[in-house]
Number of protein chains: 2
Amino acid sequence: MTPRSCSVANALEIVGERWSLLALREVFFGNTRFDQIAANTGVSRDVLAARLKKLVTAGVLEKVQYSTHPPRHEYHLTESGRALHNVLLMLKEWGDQYVTEEPLPLVYEHSCGNVLEPRVVCASCGEEASLESLTRAPASAAS
Amino acid sequence: MTPRSCSVANALEIVGERWSLLALREVFFGNTRFDQIAANTGVSRDVLAARLKKLVTAGVLEKVQYSTHPPRHEYHLTESGRALHNVLLMLKEWGDQYVTEEPLPLVYEHSCGNVLEPRVVCASCGEEASLESLTRAPASAAS
DNA sequence: CCTCCTAAGTTGGCTTTCCAAACCCACCGT
DNA sequence: ACGGTGGGTTTGGAAAGCCAACTTAGGAGG
């Protein structure tokens, strides 16, 4: 059988390799330079160079020059890249709840003043999109 | 510098390897047996065996025997595993919007009757948890 | 001028994973 | 006894990953 065609698989083609999401985490934290990303993630420099190149060609990051003479650049998020924040948020939430022991290294505060506890909801009705509340519909098949 | 301690990194230690999330996708789809997962994802059998073993020891999946005499088992989601559904949902959403071309292979219908368009919101106020609405707070620091 | 320093990678050498195909074992139906 | 199925393990070569050292291109200090 041929593997299932699926947006999860497509997404993982781009950001599913080791270090890609951690590099993106650093960019979300404002650490947009090569050495900062390398230091904060622990990725080896050659792999980081390869990952950044891939993320740039995939349109998730873009290289922005911040100094012409010693030519230096930072990596900035594109719209596509910013949209990945939700993925990192849910991954962090899962890690907080089921993996990380004890004191959470980081919490987010939402603009409402509370500590963020993220929930995934249906945009139409606002109710939680729990596993049980969902049914798979065969995309474009008329019933 | 030592790499940042972070729940995203911890989460990726468990589910960040290639094929782990795709294997879990299949289990969410109800394909809980080895050969089904192998066929639908395209992962090689030895890697799948290693990933499943890791997910079981990490408490994301559990082996459930469904036949004693030819001893056969299925892989079932634990609570921790079910909690990963949100991550897959957001990854699928990002893939749908920024990676997959053309007709989406799969859509979910929410119990409210509409096609699911997932949003991440703050549990306290219900407002969207957009990138701009969040500030990092230093975890356990008393203000 | 000579040397050291920083940023952003490259390069070389070694180790680990990955993958495909073959093999294995226990059972089942015929 | 013979082939088929389910759930893996083994094997051997290809690919990717890791680390340390090197490079390039321009400063800064002396």
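In this predicted model, 71 residues of chain B are in contact with 71 residues of chain A, where contact means that the C-beta atoms of two residues, placed from the backbone, lie within 7 Å. Residues are numbered from 1 along each chain as its sequence is written, while chains are lettered from A and ligands numbered from 1 in the order in which they are written. As the model is predicted, local features need pLDDT of at least 70 and side-chain atom pairs count only at pLDDT 80 or more, whereas totals for chains, interfaces and linings use all residues.

On the side of chain B that touches chain A, two or more residues come from each of helices H1 (7-15), H2 (20-28), H3 (34-41), H5 (79-83) and H6 (85-98), and from each of strands E3 (107-110), E4 (118-122) and E5 (134-137) of chain B. Helices (H or I, at least four residues) and strands (E, at least two) are DSSP runs, numbered from the N terminus. The top contributor to this side of chain B is H6(B), with 13 residues. By class, the side of chain B that touches chain A holds 40 nonpolar, 20 polar and 11 charged residues; here Ala, Val, Leu, Ile, Met, Phe, Trp, Tyr, Cys and Pro count as nonpolar, Asp, Glu, Lys and Arg as charged, and the others, Gly among them, as polar.

Of its 14 residues, 12 are buried, so H6(B) is largely enclosed by the rest of the structure; among them are Trp94(B) and Tyr98(B). A residue is buried if 20 or more other C-beta atoms lie within 10 Å of its own, exposed if 12 or fewer, and partly exposed in between, with C-beta atoms placed from the backbone. The end C-alpha atoms of H6(B) are 20 Å apart, which agrees with the 20 Å that its 14 residues should span at 1.5 Å a residue, the expected span being 1.5 Å times one less than the number of residues.

Strands also link the two chains. Strand E3 (residues 107-110) of chain A runs antiparallel to E5(B), joined to it by four bridges, and Tyr108(A) stands opposite Arg136(B). Strands pair if DSSP finds at least two bridges between them. Within chain B, six bridges join the antiparallel strands E1 (residues 61-67) and E2(B), which a hairpin connects through four residues.

Turning to symmetry, chain B can be laid on chain A with an RMSD of 0.1 Å by a turn of 180° and a shift of 0.0 Å along the axis. The two copies are therefore related as by a two-fold rotation axis; they were superposed by least squares on the C-alpha atoms of residues with pLDDT of at least 70 in both. The same surface serves both copies, as 100% of the contact residues of chain B recur in chain A. Val120(B) comes closest to the rotation axis of the residues of chain B, at 2.3 Å (C-alpha).

DNA strand D is surrounded by 18 residues, the closest being Ser44(A), Val47(A), Arg33(B), Asp46(B) and Ala49(B); a residue is near a strand if its C-beta atom, placed from the backbone, lies within 6 Å of it. H4(A) supplies the largest share of the surface near DNA strand D, four residues. That surface comprises six nonpolar, three polar and nine charged residues. Around DNA strand C there are 17 residues, with Arg33(A), Arg45(A), Asp46(A), Ser44(B) and Pro70(B) the closest; five nonpolar, three polar and nine charged residues make up the surface near DNA strand C.
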